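Here are my notes for your review. Please read them with the model open.

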Amino acid sequence: MRVIRKYANRRLYDTQQSRYVTLEDLRHLIIEEAPFRVEDAKSGEDLTRTILLSIIIEQEQSDNEAEVFSNDLLAQLIRVYDMSSPLPLARYLEQGTQLMLEQQKRLQSQWQQAMRHTPMEFMRELAEENMRFWQNTLNQSPSTSDKNEDKSS
C-alpha cells in the first residue's frame, strides 16, 4: 500500500515515488484503484478519510455540472449523525455506489460493443472479408493452373 505523508505545511509527500503530490494526483490514484494511506508525518495518525473528504469537496466546488451532493442531501446526512441510533448508512451507500459503478461499466461496455457493430462497421468488415477471399482465391489460381498444366504434360 502506498503511503502518503501529510506535513504541517499541508503538503502531501508520496513515499513510493519520492515526490510531493496534490489532491488531484490522489484523485487519479483513486480512479486507478491504487490503494494508499495518508498519514500525519509527525504522529503517524491516519488522515486518509480527511483527505478523501477534501478531494470530494474540491470536486464539488470545481464543476457545478458534476455536483453529487445537493444542499438537501447534505442536510439529510447531517440529520443522520444526530439520530439516537444512526442508520447503517455507510454500508448502504458503499454497496449502492458499488452497484451503480458496476452497472455503469457494464452499460459502457455494451454501448461500445453496440457501436462496433453499426451497419457501416458491418459493411466494412464484410467488404474486408470479401477482399481477403478474392485475394486468396486469385493467389491460389495460378498455382492451381500450373498443377493442371503439369498433369497434362
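**Notes on a helix face and two loop residues**

1. Glu 33 sits in the loop between α1 and β4. Helices (H or I, at least four residues) and strands (E, at least two) are DSSP runs, numbered from the N terminus. Glu 33 is a residue other than glycine. Its relative accessibility is 61%, so Glu 33 counts as exposed. Exposed means over 50% relative accessible area, buried under 20%, partly exposed in between (1.4 Å probe, protein chains only).

2. On provenance: this is a predicted model, where local features need pLDDT of at least 70, side-chain atom pairs count only at pLDDT 80 or more, and totals for chains, interfaces and linings use all residues. Residues are numbered from 1 along each chain as its sequence is written, and side-chain values use heavy atoms, with hydrogens and water left out.

3. Helix α1 spans residues 23–31, and Leu 23, Leu 26 and Leu 29 are buried in it. Seen down the axis of α1, the buried residues fall within an arc of 110 degrees, so they line one face of the helix. The arc is taken from the directions from the helix axis to the C-beta atoms. An α-helix has 3.6 residues a turn, so residues three or four places apart point the same way.

4. What covers that buried set? The cover includes β1 (2–6), β2 (12–14), β3 (19–21), β4 (36–40) and α2 (48–62). Contact means heavy atoms within 4.5 Å.

5. Arg 10 lies in the loop between β1 and β2. Phi of Arg 10 is positive, near 75 degrees, in a residue other than glycine. Arg 10 counts as exposed because its relative accessibility is 70%.
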